[in-house]
Amino acid sequence: MLSVIPNPPRIALPIVGSADLFPVRRVYCVGRNYAAHAREMGKDPEREPPFFFMKPADALQIVAGPHAVEHPYPPRTENYHFEVEMVVALSTGGADIAVASALDHVYGYAVGLDMTRRDVQDEAKRLARPWDLAKAADASGPIGPLHPVSAIGHPDHGAITLDVDGTEHQRGDLSEMLWSVSEQIAYLSAYFTLQPGDLIFTGTPSGVGAVTRGQTLRAAIDGLGAIELRVV
């Protein structure tokens, strides 16, 4: 049986220290998972139940190699924001996963960015509408190579930062997450049957802001390296 259109390419991430690739199924993102970021977005940072949104897998932009890659500034926005995040990649899944065993499902971790049309998001919030147009732009999920758990373990502390043209704008620590990685996995698995290939963007520290064409972003996490983007 032939496909009536060309098969869409499967998004797959490079893996540090391996020629193999990690195929991506779904991309989940948690919102306001650092207290200081919740405050700067005008929300109470108390530990309420987490909330999630999704990006399409083909919104990921793979950033590998030592040089900055070109990142397209999307249409229909005049306020395009950066949000540096640690990304979790699952090798196994399930439903109703216990917090105590959740990390057993993790294959590895990467540096990522949740790029956001902030003006579009603010309008969606005002009208109580979904965030898809704000969060799911083409290339809105830059991501670096995966670091396997077998090589680095499970990062639960360490600096997470973002620089714009060499000036630091975001700095936090992974230990400051309101909801840990294991808690995020367990919570999500109560609503979805998680599967191998799923990614979770785990939230961003404070300092998010707008970027313009011609600027260079550098996102870094201790133990996971850095990725660089030049906005065009």
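Visitor: Which way do the side chains of strand 3 point, and are they buried or exposed?

Guide: Val-27 and Cys-29 point one way, Tyr-28 and Val-30 the other, and all are buried. Buried here is under 20% relative accessible area, exposed is over 50%, and partly exposed is in between (1.4 Å probe, protein chains only). Strands are DSSP runs of E with at least two residues, helices are runs of H or I with at least four, and both are numbered from the N terminus.

Visitor: Before we go on, what kind of model is it?

Guide: This is a predicted model: local features need pLDDT of at least 70, side-chain atom pairs count only at pLDDT 80 or more, and totals for chains, interfaces and linings use all residues. Residues are numbered from 1 along each chain as its sequence is written, and side-chain values use heavy atoms, with hydrogens and water left out.

Visitor: Fine. How many bridges join strand 3 to strand 4?

Guide: Four, and the two strands run antiparallel. Tyr-28 stands opposite Met-54 of strand 4. Strand 3 is also joined to strand 15, in parallel, by three bridges, with Phe-201 as the bridge partner of Cys-29. Two strands count as paired if DSSP finds at least two bridges between them.

Visitor: What covers the buried residues of helix 5?

Guide: The cover includes strand 3 (27-30), strand 4 (52-55), strand 8 (84-90), strand 9 (106-113) and strand 15 (199-201). Six of the eight residues of helix 5 (residues 181-188) are buried, so this helix is largely enclosed by the rest of the structure.

Visitor: Which six?

Guide: Val-181, Ser-182, Gln-184, Ile-185, Ala-186 and Leu-188.

Visitor: Switching to aromatics: how many pairs are there?

Guide: Eight aromatic pairs. In the Tyr-73 and Tyr-80 pair, the ring centres are 5.2 Å apart and the planes at 65 degrees, so it's edge-to-face. Both of those tyrosines are buried. For the cut-offs, rings of Phe, Tyr and Trp (its six-membered ring) pair if their centres lie within 6.5 Å; planes under 30 degrees apart are stacked, over 60 edge-to-face, and the rest tilted.

Visitor: Which residues form a cluster?

Guide: Phe-52, Trp-179, Tyr-187 and Tyr-191 form one aromatic cluster.

Visitor: And where's Trp-131?

Guide: Trp-131 is in the loop between helix 2 (118-126) and helix 3 (132-135). With 19% relative accessibility, Trp-131 counts as buried. Beyond its neighbours within four places in sequence, Trp-131 contacts Arg-32, Phe-51, Phe-53, Gln-121, Ala-124 and Lys-125, where contact means heavy atoms within 4.5 Å.

Visitor: Now Gln-61: buried or exposed?

Guide: Buried, at a relative accessible area of 13%. Gln-61 belongs to strand 5 (residues 60-62), and its side chain makes a polar contact with the side chain of His-71 (2.7 Å). A polar contact is a pair of N or O atoms within 3.5 Å; within protein, one must be able to donate a hydrogen and the other to accept it, and residues adjacent in sequence count only if both atoms are side-chain atoms.

Visitor: Last one: what's the strand order in the five-stranded open sheet?

Guide: The order is 6-18-17-13-14, with mixed pairing. Strand 6 (69-71) and strand 14 (167-173) are the edge strands, each pairing on one side only. Strand 13 (residues 159-164) and strand 17 (residues 216-221) pair in the antiparallel sense over five bridges, and Leu-162 has Ala-219 of strand 17 as its bridge partner.
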